[in-house]
Amino acid sequence: MHNLLVIFRTATTALGRNVVRSFLTCVGIIIGVAAVITMMEIGRGSSTRIRHTIALMGADNIVIWPGSSTANGISQGVGTEVTLHPQDCDAIARECSSVRSAAPLIKTWPTQLIYGNRNWSPNNFNGTTPAYVDIHTWPMGEGRMFNDSDVRSGARVCVIGTTIARELFQGENPVGKMARINNVAFRVIGVLTTKGASVTGADLDDVLLVPWTTAVHRISAQSTPRTAVSAAPAAGTQKVNSLSDLYPAVQTSLYPDVSPTQIADAPLPVKFANIDSILLASRGSKRVPQAIHEVRLLLRERHHLHSDQPDDFYLHGLTDSANAMSSMTQTMTNLLLSVAMISLLVGGVGIMNIMLVSVTERTREIGLRMAVGARCRDILRQFLLEAIILCLLGGAVGILLGRGASLAVRRFLHWPTQISIPAIIAAVAVSASVGVIFGFYPAWKASQLNPIEALRYE
């Protein structure tokens, strides 16, 4: 132990005799470690933001759309066929063990929410159930979410996002206020918390939610014939008028029965006919494939599809998109780390070069130490310890510089950064490793000098 302390004092004394050269030797390590710390913190901050964005998207979410109809041999696209019903949503939530929650969605046509003399057209207007906020993990900021009783009764209540609250109510507390949608009065009962923007830049807080039964019977029924289904003519009634029957029999009743012609021209809406889509949340992102399999089997059974018939619905999980984004982030982080490691490699080569020069300059000193009793391993330890001290000092300064650069990037460039303790520990370990690896050869070369030849060296 005493011998190691003597070697340590000798090494630090040798480094202190030429402070400028020692500092310049550390510059490569300082730059390399600072680059590693900065890149890792930028990469970590970006990963955290992307994971947050993926959480907003719903990595464990699944969307079900109706199938596509065909007219004159041309497919009309996803959602043009009436295949999904509210009972499907209830059955999925009840019978699929991998599904945590399910909510129907009614996408209404663009409309305006009016309050006083101000109006606002939401980007996202959904008729749904209370499960919607549970699926999106979206807590309430103020007020409450409408409940199952509101859905069953078709209550004229709504929940809004913070963008609508800001733009339409302009500082007033929206909860309890009356607003109009398509000339129908609605009471605002809650405001959602702020979610920000989606990965595509869309404003997630520009949202208006109403009970889906209300959307069907009080909003959509006024603008779109989503649930218009022709009622079948009663048995025994006359047929639709044609050219062969220009003058039907005269009705003598004060209130004549509805004719088949009137039924054909103005079909009565059938309640709960169909929904636009179903939003699901699985019990964890790892169970998404299992949930998709269970839902597919259940819907095929409920829709009475034979084995040779294709699905009349489409299932899409967001896990693939989330995995792709995570993989891209990890690739970019690894790329940045590789570039920073090259800087450390260059710094290590610089240390080895300076140490070789130092061995040459101090040949007489090495010979003198050997002549007074120093052994080869003592010389090896001294020069190896000098290289390690240089790398550790460079690593310490590099860590401080890297943290400062990371804070500057976040403050002035507004990039997301996050401190990485593993990166700091790795930087210290790498610095010591660089000192051992690149300092070993010069130290070994110094230990192999012949004392007599070293004393004669000029």
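1. Of the 458 residues in the chain, 41% count as buried, a term that means under 20% relative accessible area with a 1.4 Å probe and protein chains only. The model is a predicted one, in which local features need pLDDT of at least 70, side-chain atom pairs count only at pLDDT 80 or more, and totals for chains, interfaces and linings use all residues. Residues are numbered from 1 along each chain as its sequence is written, and side-chain values use heavy atoms, with hydrogens and water left out.

2. The secondary structure comes to 14 helices and 14 strands, which are DSSP runs numbered from the N terminus, helices being H or I with at least four residues and strands E with at least two. Among the contacts with a separation of 6 or more, 78% join residues 24 or more positions apart, where contact means heavy atoms within 4.5 Å.

3. A search of the whole structure for disulfides, taken as pairs of cysteine sulfur atoms within 2.5 Å, finds zero. Cys 96 counts as buried because its relative accessibility is 5%, and Cys 158 counts as buried because its value is 0%.

4. The lining of the second largest pocket includes ten nonpolar, two polar and three charged residues; here Ala, Val, Leu, Ile, Met, Phe, Trp, Tyr, Cys and Pro count as nonpolar, Asp, Glu, Lys and Arg as charged, and the others, Gly among them, as polar. Helix H3 (86–95), strand S4 (99–107) and helix H5 (148–153) each supply at least two residues of this lining, and H3 gives the most, with five.

Terms used. Buried < 20%, exposed > 50% of the residue type's maximum accessible area, 1.4 Å probe, protein only.
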